[in-house]
Amino acid sequence: MRTLEVLAPETLEEALALKAHHGTALLPLAGGTDVIPGIRRGAYGAVALLDLSRIPDLNRIVDDGTEIRIGALATHADVVESAIVGAHIPVLSEACGTVGSVQIRSRGTIGGNLCHASPASDSVPALRVLGSVCEIRSSKGTREIPVGDFCISPGVTRVLPADLLVGIRVPKMRPGSRWFYLKLGQRRAMAIAKVSVAFLAAEDGGVLSDVRISLGAVAPTVCGAPRTAACLEGKKLGETVISEAVEMIQTEAKPIADIRSTEEYRREMVGVLLGRGLRGFLE
Amino acid sequence: MSVVGQRVPRVDAREKVTGEARFVDDLAFPGMLYAAVVRSTEPRARILSMDLESVLSLPGVVAVAGPDDIPGGNNIPLILPGHPLLAPGETNFCGQALGLVGAETREAADLAAGLVRVEYEPRTPLLDPLDARLPGAPGLYGEDNTFGHHVVRRGDVERGFREAFLVVENTYHTPAQEHAYLEPQGAIAVPTPDLGIVVYGSMQCPFYVQRAIAHILGLPLGKVRIVQTTTGGAFGGKEDAPSEVGGQAAVLAWKTRRPVKLVYHREEDMHSMSKRHPAHIRYKTGVKEDGTLVAVEVQMTYDGGAFGTLSPVVLWRATVHAAGAYRCPNVRVDAWAVATNKEPSGAFRGFGAPQVLFAAESQMDEVAAKLGMDPLALRKHNILRTGDETATGQKLRSSVGSLQTIREASRASDYRTKRARWGKDRGPVRKGIGVSTINYGAGLGGLSPYLTRAGAFVQVHADGSALYAVGTTEMGQGMHTVLAQIVAEELGLRLDQVTATETDTSRVPDSGPTVASRATIMSGNALRDACARVRKNLWGVGASILGVPLHDVLGEGGVLYAGQKQDKSVAVEDVARECISRRVHLAAQGWFRAPKTSWDPKRGQGDAYMVYAWATNIAEVEVDLETGVVRLVRLTAAHDVGRAINPVGVEGQIEGGSLQGVGYALTEEVLRKDGRIINPDFSTYIIPTPSDAPEITPVIVESRFSKGPHGAKGFAEQPLMGVAPAVANAVYHATGLRIRELPLTPERLKKEMERSKR
Ligand SMILES: Cc1cc2nc3c(=O)[nH]c(=O)nc-3n(C[C@H](O)[C@H](O)[C@H](O)COP(=O)(O)OP(=O)(O)OC[C@H]3O[C@@H](n4cnc5c(N)ncnc54)[C@H](O)[C@@H]3O)c2cc1C
């Protein structure tokens with residue numbers, strides 16, 4: 001057996017004190033679905049693990065009135081099963097429901113998904129269009145960073161060596177909002193996104209406003225499509241508007257080729273997914 | 001018949017479901033060391049130095065071994081020479097074994113193996129199989145980098161094409177396919193005090209391993225005993241490879257005189273172990289106006305990788321199956337297996353045939369489309385029937401369920417309605433239905449006739465329960481359930497009175513490999529032979545108790561009866577007890593030699609296989625034109641298996657094999673950069689999940705084979721073989737797009753759409 005040192009504090013304060021002391025030598029462990037394969041691959045070097053699972057309430061999902069607060073340790077399954085999430089931020093349930101498989105959703109956490117900072121993450125595009133804010137704590141205090149600024153590059157976030165992500169605050173969607181999360185993977189389950197599109201907008205009499213679009217797996221981090229969003233802003237949805245938006249997003253997105261797909265395919269699919277989602281609103 | 005033909009649960013189901021089954025990695029021996037393999041990081045290079053000794057000082061490391069530490073031959077004996085166990089001086093693929101480290105823990109061994117410094121002088125690798133036979137290609141094997149060349153010469157193809165109304169000619173490409181067995185390769189070698197060795201391991205062919213290890217250690221075969229442990233899937237990937245894994249463990253065990261366990265990591269396994277041969281196939285088909293096939297010409301190159309391993313025989317099966325399941329008077333096949341600097345290709349469910357059948361069955365569809373004929377009707381028109389001759393000139397005398405599989409698959413899928421209705425949609429999602437019909441030569445066939453025998457041992461205990469041993473292996477395919485059914489049937493026992501021992505080379509004589517869908521026929525018949533001998537004695541005593549002549553005795557469910565009326569009976573248990581007191585011998589060896597086959601290598605003619613199994617697949621797809629995603633919705637798979645000894649087992653094999661075919665058709669592809677595999681794990685090598693599985697309707701057709709046990713013939717490879725062309729043909733029906741390269745990824749479909757627009 002491989003031996004690893006695992007510290008399992010019982011309180012958040014204790015965890016933060018350990019983190020302040022050990023910094024990057026102490027790797028937070030949530031569900032472990034990224035950490036364990038990473039350790040096997042040798043991705044982290046010599047680290048000890050900081051098991052967060054004994055800290056009470058870190059997985060709670062609560063309704064704070066205008067916001068939903070999701071604990072960093074809430075699993076994708078917790079999110080999918082939460083009535084609060086389903087009622088107020090359904091685009092997140094939709095996104096978390098596409099993660100991996102039953103097993104992965106039952107172990108993998110939303111905090112882990114954010115901190116892993118994969119461009120193909122499923123929760124991040126949804127959290128991003130929702131205008132969510134990450135709550136980061138250290139023994140010195142709490143900071144807040146919008147999800148859109150949280151991921152810097154694959155695997156790198158704004159979480160500093162002494163920090164832990166403790167939760168995410170998600171503004172409730174306005175009633176009558178239009179939204180979708182669409183993902184294309186290499187198979188129908190256990191699939192990392194080749195392309196994903198999250199969309200959220202307010203709608204009044206068919207006219208869109210406050211349009212937000214996030215794209216997964218087409219850039220080094222989950223990114224927005226501000227030009228396309230702007231092009232849809234204040235427009236009444238119809239075939240011409242949709243075609244324009246599709247064309248625009250295909251030029252706006254700058255995908256790359258990798259082991260899962262090609263640049264051309266991804267570019268075309270960003271448009272296909274956007275078009276499908278938007279046309280769905282017309283039905 | 002009380003047991004054969006019944007739907008029975010697998011005899012090994014309980015132990016596997018409860019986790020009690022012991023796989024090789026579950027076993028441990030006192031004093032056992034753990035081994036790790038130092039592997040090449042270059043596809044082709046001279047090895048200037050390898051500093052194995054330097055890791056000996058690391059904590060836990062006990063021993064290292066390089067090519068010079070091999071006591072016998074540094075060669076894995078199989079068909080062709082030149083496959084070293086540890087690379088001596090030069091490496092020929094990324095992942096090739098160079099040296100071994102033995103340590104007190106697996107982690108220490110892995111760590112040390114990773115720290116061994118190897119200095120290479122890289123040489124230009126040969127990666128494209130189509131370059132292998134060109135002048136100036138790097139010389140990897142023999143004079144022309146060729147592991148095998150087979151032909152078929154039947155009739156006169158030139159004349160055939162001249163007389164043809166339509167000639168269709170295309171090139172097809174198929175990728176390497178990973179076996180993806182759940183349990184990676186593994187072995188434990190245990191030196192014995194009498195200077196012999198026992199090797200336990202996950203494997204298909206213990207007798208291959210025995211021969212290899214005797215050669216590698218320089219021991220007589222009698223000093224080498226191989227025991228197969230519960231094997232978690234193999235699919236051909238554990239045909240010859242365990243000789244290498246076991247050989248590596250054995251070398252370290254021999255050197256240290258301690259038991260050595262070697263279990264490969266998944267990535268290591270995927271980098272270094274065999275795959276299905278990638279193939280390039282040029283296929284030309286000529287037909288008359290009414291669809292009658294008049295000529296088939298095939299030229300194919302199979303990429304054999306770095307060493308010959310099984311390439312010559314894989315290629316032979318491909319050659320024999322190249323013209324498909326049809327009557328054709330003029331056939332010319334030229335097939336080559338060539339060397340490249342990749343991991344050696346090898347056996348994989350279908351053994352060379354799935355590649356060329358993808359081409360053959362796509363061709364049939366193209367011909368049908370060009371003639372405006374229904375593809376199923378075209379197949380019916382040409383399909384081999386009883387009395388016809390195959391492309392190798394073999395007259396089919398019996399057990400030809402070909403037409404029946406077409407009819408039954410068509411009926412079960414409601415083919416005609418769907419064919420007529422679909423293929424006309426206008427929306428983004430198009431439905432289509434496609435067909436393939438194939439045959440499969442059961443057993444090893446005419447190229448390796450000396451291997452076509454098998455032994456068995458049966459013993460009845462004092463309480464009437466029976467124990468049997470065979471030389472073929474259970475690897476998850478359900479062999480032991482079928483064999484226990486056969487033994488129960490022959491001796492008049494209940495299924496729960498029959499137990500098998502693990503397959504062990506010391507129990508029965510060399511019975512050949514467990515490949516080529518041969519275990520039921522070969523071991524089944526050998527067991528029947530053994531059972532007949534035991535039965536003569538057992539039932540003889542029963543006859544005397546019942547007071548009737550032996551030929552009037554009937555046995556069923558653990559009871560012997562005096563004739564049909566069943567009014568007088570005695571439990572087998574009581575008969576066995578009586579046998580013991582009378583000192584009657586209740587054990588016997590059985591032996592079976594397969595019916596004769598023949599092969600003339602010059603003309604590629606002969607009775608290639610003892611019998612053929614037949615199958616028709618009908619695939620129903622939905623193709624999303626915008627995304628290029630093909631969804632296989634339903635698969636109807638009708639298989640002529642001769643006789644289904646355990647119909648549940650047959651259905652299970654149809655479902656599992658089909659799903660492996662779905663992966664081959666749609667998603668599975670080994671990707672490389674500069675010869676090195678870049679997707680050696682299951683997050684990037686995409687096999688189907690349960691959500692990707694189509695609704696599979698298995699249909700069993702039974703056209704009995706008189707020489708098979710209870711009419712059974714070979715089965716379980718063919719479910720994979722015809723899926724890819726059926727899917728490709730369904731995609732064509734849905735979209736008019738013809739994809740001639742596997743897998744049918746969305747990217748490939750979109751590219752083809754672009755191309756066809758231009
Ligand atoms: C088979 C498989 C399939 C997958 N499929 C998908 C998929 O479809 N979509 C998808 O988006 N992802 C997928 N993943 C990735 C993974 O499951 C998710 O990213 C998951 O949400 C990670 O959560 P975790 O709790 O397991 O994180 P962990 O593995 O425990 O941690 C991930 C990273 O975050 C850090 N971390 C975790 N929690 C905190 C915290 N509170 N504060 C600071 N740092 C923290 C860890 O140190 C580590 O660096 C898959 C993974 C596997 C193994």
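This is a predicted model: local features need pLDDT of at least 70, side-chain atom pairs count only at pLDDT 80 or more; totals for chains, interfaces and linings use all residues.

Trainee: Okay. How many residues does the contact take from chain A and from chain B?
Mentor: Chain A puts in 19 residues and chain B puts in 24.

Trainee: And what area is buried between chain A and chain B?
Mentor: About 1,800 Å², with carbon and sulfur atoms giving 49% of that. On the chain A side, Arg187(A), Arg188(A) and Ile259(A) lose the most area to chain B, together 35% of what that side buries.

Trainee: Why give an area at all?
Mentor: The size of an interface is often given as the accessible area lost when the parts come together.

Trainee: Got it. How many salt bridges are there between chain A and chain B?
Mentor: The count is 5 salt bridges. One to look at pairs Arg276(A) with Asp624(B), where the closest N and O atoms are 2.7 Å apart.

Trainee: Which helix gives the most to the side of chain A that touches chain B?
Mentor: That's helix 12 of chain A, residues 263-282, with 5 residues. By class, that side of chain A divides into 8 nonpolar, 3 polar and 8 charged residues.

Trainee: Let's stay in chain A. What domains is chain A divided into?
Mentor: Domain 1 is 6-51, domain 2 is 61-171 and domain 3 is 190-282.

Trainee: How many Å apart are the C-alpha centres of domain 2 and domain 3 of chain A?
Mentor: They lie 21 Å apart. The two domains do touch: 19 residues of domain 2 of chain A are in contact with 18 residues of domain 3 of chain A. About 1,300 Å² is buried between those domains, and carbon and sulfur atoms give 64% of it.

Trainee: Which three residues supply more than any other three on the domain 2 side?
Mentor: Pro119(A), Arg128(A) and Val129(A), which supply 41% of the area that domain 2 of chain A buries against domain 3 of chain A.

Trainee: How many salt bridges does the rule find across that interface?
Mentor: Across the interface of domain 2 and domain 3 of chain A, it finds 0 salt bridges. It does find 4 residue pairs in polar contact there, with both residues at pLDDT 80 or more. Helix 8 of chain A gives the most to the domain 2 side, with 5 residues. That domain 2 side has 11 nonpolar, 6 polar and 2 charged residues.

Trainee: Switching to chain B. What domains does the assignment give there?
Mentor: Domain 1 is 18-123 + 185-263, domain 2 is 279-392 + 399-446 + 600-757, and domain 3 is 453-593. Between domain 2 and domain 3 of chain B, the contact takes 20 residues from each. Their centres, taken over C-alpha atoms, are separated by 38 Å.

Trainee: What do domain 2 and domain 3 of chain B bury between them?
Mentor: About 1,300 Å², 65% of it on carbon and sulfur atoms. The count there is 0 salt bridges, and 9 residue pairs are in polar contact, both at pLDDT 80 or more. The side of domain 2 of chain B that touches domain 3 has 10 nonpolar, 6 polar and 4 charged residues.

Trainee: Now a single residue. Is Asn330(B) buried or exposed?
Mentor: Asn330(B) is buried, because its relative accessible area is 8% and buried means under 20%. Asn330(B) sits in the loop between helix 7 (311-321) and strand 15 (331-338) of chain B.

Trainee: What does the side chain of Asn330(B) reach?
Mentor: The backbone nitrogen of Asp156(B), at 2.8 Å. Leaving out residues up to four places away in sequence, Asn330(B) touches several others, including Arg154(B), Val157(B) and Val294(B).

Trainee: Last one: where is Asp607(B)?
Mentor: In the loop between strand 23 (587-593) and strand 24 (612-624) of chain B. Asp607(B) is partly exposed, with a relative accessible area of 34%. Setting aside neighbours within four places in sequence, Asp607(B) is in contact with Gly393(B), Gln394(B), Lys395(B), Thr597(B) and Ser598(B).

How values were computed
Residues are numbered from 1 along each chain as its sequence is written. Chains are lettered from A and ligands numbered from 1 in the order in which they are written. Side-chain values use heavy atoms; hydrogens and water are left out. Helices (H or I, at least four residues) and strands (E, at least two) are DSSP runs, numbered from the N terminus. Buried means under 20% relative accessible area, exposed over 50%, partly exposed in between (1.4 Å probe, protein chains only). A polar contact is a pair of N or O atoms within 3.5 Å; within protein, one must be able to donate a hydrogen and the other to accept it, and residues adjacent in sequence count only if both atoms are side-chain atoms. Contact means heavy atoms within 4.5 Å. Domain bounds come from an automatic or database domain assignment. Buried area is the accessible area (1.4 Å probe) that two parts lose on being put together, summed over both. A salt bridge is a side-chain nitrogen of Lys or Arg within 4 Å of a carboxyl oxygen of Asp or Glu. Ala, Val, Leu, Ile, Met, Phe, Trp, Tyr, Cys and Pro count as nonpolar, Asp, Glu, Lys and Arg as charged, and the others, Gly among them, as polar.
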